[in-house]
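Try each task before you read its solution.

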Amino acid sequence: RQLMSGEPLRHLVEFWHITDWHLNLFHEKRGDVKDMCRSSTSNAKQWPGPLGHFNCDPSAQLAKLATESVARISQNPTFILLGGDSHGHVPSARDGRDAVIDSHRQTAVLISASFSDSVPVLPLVGNHDTWPYYTDDADMRRQIARMWSGRFSRQAAKAFAASGYYRETVVSKPLLSVVALDTNALALPHMVEEGRKQINWLNSTLRKAQTRGESVLLAGHIAPGIKT
């Protein structure tokens with residue numbers, strides 16, 4: 001392969017970015033699309049189609065179809081970046097810590113069924129990945145880290161569980177790493193101190209990468225903006 005300039009592309013890194021699944025494990029065939037399929041309706045005109053509806057979060061069945069389709073295109077990527085928010089906008093009566101954990105477990109089942117254990121998976125913390133949402137939930141991070149144990153290094157998993165941010169080498173030659181941020185801490189007013197520590201760590205990590213001649217992919221869930 002070649003770049004547009006005509007120079008040879010010597011190193012090709014291929015990865016999947018799977019993010020914002022927002023799985024609704026309580027999805028109903030008669031779900032009301034005007035309520036994100038969180039409640040049912042007798043009005044057939046407001047039911048989702050066989051593959052769901054753009055107003056609604058996906059069912060586990062649709063997520064399975066999507067994962068299998070992705071794997072058919074490329075089953076052995078360099079890594080998978082799990083961008084956060086595996087949990088959906090589910091009925092409030094069914095929402096809670098257990099529901100969030102179940103969504104993460106289902107995501108792990110789907111990815112593990114389609115990709116071999118040799119493919120690294122790098123998780124990020126989304127605002128729907130904690131309970132309550134938008135919080136510094138160390139227990140939830142520990143559980144997510146355990147789900148992906150063996151898919152990223154022990155050092156990265158330990159850092160993810162402790163703080164939500166970490167660095168992971170994905171290609172050794174030429175050196176390429178993913179620097180994963182906990183954007184909850186960078187977006188929430190009550191987490192200013194945690195956010196400041198993370199920015200200091202990020203600056204230090206990037207300076208070291210520059211010294212090593214290392215390329216970095218910077219990843220986070222909540223995009224930078226006026227409130228971050």
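The exercises cover a sheet, a disulfide and a cavity in this predicted model.

**Exercise 1.** Work out which strands stand at the edges of the open sheet.

Solution. Start with the strand order, which is E1-E2-E3. The pairing is parallel. Next, count partners: E1 (15-18) and E3 (121-123) each have a single partner strand, so one side of each is left without a neighbour in the sheet. These two are the edge strands. Now look at how E1 is joined to E2 (residues 79-82): four bridges link them.

**Exercise 2.** Find the disulfide, then decide whether its cysteines are buried or exposed.

Solution. The structure holds one disulfide. Cys37 and Cys56 form it, with sulfur atoms 2.1 Å apart. The link is right-handed, with 65° about the S-S bond. Both cysteines lie in the loop between E1 and helix H1 (60-73), so the pair ties together parts that are 19 residues apart in sequence. Now check accessibility against the cut-off: buried means under 20% relative accessible area. Cys37 has 1%, so Cys37 is buried. Cys56 has 11%, so Cys56 is buried too.

**Exercise 3.** Describe the largest cavity: its volume and its lining.

Solution. Count first: there is one cavity of 30 Å³ or more. The largest cavity holds about 40 Å³ of space. Then list lining residues, among them Leu82, His104, Asp129 and Trp148. Finally, sort the lining: five residues are nonpolar, three polar and one charged.

Key. Residues are numbered from 1 along each chain as its sequence is written. This is a predicted model: local features need pLDDT of at least 70, side-chain atom pairs count only at pLDDT 80 or more; totals for chains, interfaces and linings use all residues. Side-chain values use heavy atoms; hydrogens and water are left out. Two strands pair if DSSP finds at least two bridges between them. On a 1 Å grid over the protein atoms alone, a cavity is a set of points where a 1.4 Å probe fits but cannot get out, and a pocket is an open set with protein on both sides within 12 Å along at least five of seven lines; lining residues have an atom within 4 Å of a point. Grid points are joined across faces, edges and corners, and a volume is the space filled by probe spheres set on the points. Ala, Val, Leu, Ile, Met, Phe, Trp, Tyr, Cys and Pro count as nonpolar, Asp, Glu, Lys and Arg as charged, and the others, Gly among them, as polar. A disulfide is a pair of cysteine sulfur atoms within 2.5 Å. Buried means under 20% relative accessible area, exposed over 50%, partly exposed in between (1.4 Å probe, protein chains only).
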